[in-house]
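Hi everyone, thanks for making time. I'd like to walk you through one structure today, so let's get it up on the screen.

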Amino acid sequence: MKFQKKSANVKQEIPTASMPDIIFMLLFFFMVTTTLRDTTLLVQFVLPNAKAIEKIDKKRFVSYIFVGNNDQIQVDDAIVDDLDVLVPVFSEKRRAIPQLIVSLRVDKEQKMGIVTDIQQRLRDADALRINYSAKPED
């Protein structure tokens with residue numbers, strides 16, 4: 001008697017019927033959890049370190065001013081050459097958002113004079129809630 005190896009005729013395939021559902025759920029998950037950057041950074045800066053840092057809960061009320069290491073100032077997506085432009089821009093933002101918080105992201109090597117000038121323009125625009133961004137100290 002000769003032994004023959006029995007082979008099963010059952011094809012082993014991976015069920016792919018639920019694959020579109022899984023892809024849709026992953027796509028929806030990434031759409032919900034991902035936030036897009038509002039502004040494109042045009043200046044380069046390194047934030048200073050700080051011992052005590054407090055996070056802002058409602059970031060939708062925050063408007064950023066970036067001060068780079070080469071005296072460049074960026075507001076929204078534009079480089080600002082004249083600081084007097086800050087007054088009408090932030091007056092309008094303040095009117096649109098009364099809870100406006102202006103966050104200054106200043107390079108750690110930047111001199112205080114330019115920060116004082118920005119603060120004065122913000123005071124003229126009645127944007128009095130100012131935040132200074134920093135990295136936590138290691």
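How do the residues of the lining of the largest pocket divide into nonpolar, polar and charged? Before I answer, please keep in mind that this is a predicted model. The lining has seven nonpolar residues, three polar ones and seven charged ones.

Let's stay with that pocket. Its volume is about 500 Å³. It is lined by 17 residues, and the ones closest to its centre are Arg37, Asp38, Thr39, Tyr64 and Phe66. Strand β2, residues 62–67, gives the largest share of this lining, with four residues.

Now to the second largest pocket, at about 390 Å³. Here 16 residues form the lining, and nearest the centre you'll find Ile53, Glu54, Lys55, Ser133 and Ala134. At least two lining residues come from each of β5 (101–106) and β6 (130–132). Sorted by class, this lining contains nine nonpolar, three polar and four charged residues.

Finally, let me turn to helix α2, which spans residues 86–96. Which of its residues are buried? They are Leu86, Phe90, Ser91 and Lys93. If you look down the axis of α2, these buried residues fall within an arc of 165°, so they line one face of the helix. On the face turned away from that buried side sit the exposed residues Pro88, Arg95 and Ala96. And what covers the buried residues of α2? The cover includes β2, β3 (73–75), β5 and α3 (112–124).

Methods: Residues numbered from 1 in each chain as written. Predicted model: local features only at pLDDT ≥ 70, side-chain atom pairs only at ≥ 80, totals over all residues. Heavy atoms only, no water. 1 Å grid on protein atoms, 1.4 Å probe; cavity = no way out; pocket = protein on both sides within 12 Å on 5 of 7 lines; lining within 4 Å. Points joined across faces, edges and corners; volume = space filled by probe spheres on them. Nonpolar A, V, L, I, M, F, W, Y, C, P; charged D, E, K, R; others polar. Buried < 20%, exposed > 50% of the residue type's maximum accessible area, 1.4 Å probe, protein only. Arc of directions from axis to C-beta. Contact = heavy atoms within 4.5 Å.
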